[in-house]
Amino acid sequence: MKHLPLLLTILSVLLLSACNTTPIKQTRINVDQPLAMDQGVIAVQVINNAERLGQWHREWGEVIVARLDNQQALKQAAIAKAKSKAKGKPIDEDKVDWDPDVYTLSARAHGTESSQVFVGAVPEGNYAIVQLYSYYNDGNVVSWISMPVFSSAGEFKVEKGRFTDLGSVVFQPLLNIKNDSFWSQSSKQKAYVTRLKTSAELGMFVREHYANLSMSVDFSDPLGWQRDILDPIRDSLGALSRDNAYGNKAVSIKGADYNAVLAKFGQLRLVSDRRWQQYDLPTDSELLSAMELNGQLLVGSERGQLFEKTAEGWTNHAPVSAKEAIVWMGTHSQVGYALTSSDKLHTIYKFGSSAEQWQQIGQFKKKQGQTFWVQNGGLFAFFNQAGNLNIINDNKLHWYDVALQQWQAKKYRSFKRFTQLKSGVLLGVEVSQWDGYGDPLVSFDYGLSWHKIQRGSSLFSNNKHDTSLAAVLSDGTLVSTSLQKSATQSKRTHKIITLNQGADQASDWQQQGPLKVNCHILLPELTSQNTLYFLCDQGQIVSTTDLGQSWHSEVDINISQMQKQYEEFVASYLEGLKKAESTVADNEGVSE
């Protein structure tokens, strides 16, 4: 029991930790060779319930696991070796250095967007996840962050020739992760890690990535987490994270009287005239796209999953490989179109219904968002005035020429963010070679011409503000946000600005009310009549019907309840340790 207080300290304090001297073994699976005879395969999906981990860290780079069942044997072997070297001299056994077996799992990027599936092969034994780790080095900046796990997730077993499916583990920030101080503070209320009760069913994903394992690994009856007394609290923490899922992707649902917010953990929020409905889809993955086709609501997700809303619930289709994520869907003239993302490609499909096979009609190479010298634009889809599908890929516009039966292309603008409203209006944030995000733009003629919105950003402006799109009210009023200063203010503040339809773009912008603190991102896809919606840092959504004079909470994130539940978890863990140590002491007393 000597190591348990140390684990509790690491669990509770949640400090940043640097790399230690313990050697970490690789677990990569060779796609061209069979699995080693003494090994089993592990897979775990890690979900960060936030937009990103930090300025330099979008996601975790490694999951570190340690073997538990052979630690005493390793320690005794080290002691025996030390005694042999001492040649009869006495040694302090407690001071003998020894290394546990520690392994790193790597993520497979094909088919996921923000969720990560970590896969590896390790020897048979009992294990625990000890740490989530991320390292960044661009030649100018070196940064690393880590999150202790240990009993927050529990223990699991690996057997040779078998698959261990750990489902989903969630990293849940309890403070604002966008604050620069998040990773430098030691508050035990900073964040927690827990496992989800639901199963992610990762076997199909692993088999598609490693076809060679089908002959050497049994996927039919996967192993999982071992149950213990902390499971009810883990389940409560996981349910809280699921109920308070972070969702920053808003979608205009063409042909419907509602719009959607797509979130992590399969959470779908539909809104119509400020009336919200939340649906719990049968997946832990992030929802990425949505549309109505022939009156049926379809929702696309990671790992090739497509969900259809029916009278009985949600039907899960698999129209594409688990190596693809369905990142966009749209419809015109009762034909559906979808855009998927894999490791290096975007693929375009069309289809007539959710049940029929999807027809591939094009592929486009992915470009990095930025290189050392160049900021690149993303890939976005929209329909032109004739209803034909157009694709923007960095600085090229592609369209399908039906007569020639091939894609045509021409030079075009580059965008970091882009959306098309139900009215056909296009909104975007163009690429800036200075810091990535440039000016917001709007097009009222399906992309034939674009109008720039000057929003008063400073040289060192708020990046949250810089990424925001504009919006359009029902009367054609253009809405954006800007850094503004009135005659009575000494500093500029973020405010809503408006431009009436037909007014002069250069001079007729009007200042309105201030933005709500930490709520800077306009969600134009949700705009209804005169109601504007904004996304806040921790995933809350607020609205205003009077251009910022008053604010209403629409989607709340219950941080205080998650903090309370986590404190109960730590208290229960501590009580369990006390009982275990008391039992050991009683047994030792009886034996004496």
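This is a predicted model: local features need pLDDT of at least 70, side-chain atom pairs count only at pLDDT 80 or more; totals for chains, interfaces and linings use all residues.
**The chain as a whole**

- Of the 592 residues in the chain, 52% are buried.
- Taking contacts between residues at least 6 apart in sequence, 57% join residues at least 24 apart.
- The accessible surface comes to about 27700 Å², and carbon and sulfur atoms account for 48% of it.
- On the charge side, there are 58 positive and 61 negative side chains, and the centres of these two sets lie 5 Å apart.

**Around strand β17**

- Strand β17 covers residues 296-301 and is mostly covered, with five of its six residues buried.
- Strand β16 (residues 287-293) runs antiparallel to β17, and six bridges join the two.
- Within this pairing, Ser289 stands opposite Gly300 of β17.
- Two residues lie between the strands in the hairpin of β16 and β17, where Asn294 takes a positive phi near 55 degrees.
- β17 also pairs with strand β18 (residues 306-310), in the antiparallel sense and over three bridges.
- Here Val299 has Phe307 in β18 as its bridge partner.
- The hairpin of β17 and β18 has four residues between the strands, and Arg303 in that hairpin takes a positive phi near 55 degrees.

**Around strand β30**

- Strand β30 (residues 436-443) is another mostly covered element: six of its eight residues are buried.
- Six bridges link β30 with strand β29 (residues 426-432), and the sense of the pairing is antiparallel.
- Look for Val429 here, whose bridge partner in β30 is Pro440.
- A hairpin of three residues takes the chain from β29 to β30.
- β30 pairs with strand β31 (residues 451-452) as well, over two bridges and in the antiparallel sense.
- In that pairing, Val442 has His451 of β31 as its bridge partner.

**Asn48, a buried strand residue**

- Asn48 has its place in strand β2, which covers residues 39-48.
- With a relative accessible area of 4%, Asn48 falls under the 20% cut-off, so this residue counts as buried.
- Setting aside residues up to four places away in sequence, Asn48 touches Leu53, Glu59, Trp60, Gln116, Phe171 and Lys264.

- Gly161 sits in the loop between β8 (155-158) and β9 (162-173).
- Gly161 and Gln39 are 122 residues apart in sequence, yet their C-alpha atoms are 6.2 Å apart in space.
- Beyond its neighbours within four places in sequence, Gly161 is in contact with Gln39, Gly40, Ser216, Val217 and Asp218.

Definitions and conventions
Residues are numbered from 1 along each chain as its sequence is written. Side-chain values use heavy atoms; hydrogens and water are left out. Buried means under 20% relative accessible area, exposed over 50%, partly exposed in between (1.4 Å probe, protein chains only). Contact means heavy atoms within 4.5 Å. Accessible areas come from the Shrake-Rupley method with a 1.4 Å probe; for residues, only the protein chains shown count as cover. Lys and Arg count as positive and Asp and Glu as negative; His and the chain ends are not counted. The place of a charge is taken as NZ of Lys, CZ of Arg, CG of Asp or CD of Glu. Two strands pair if DSSP finds at least two bridges between them.
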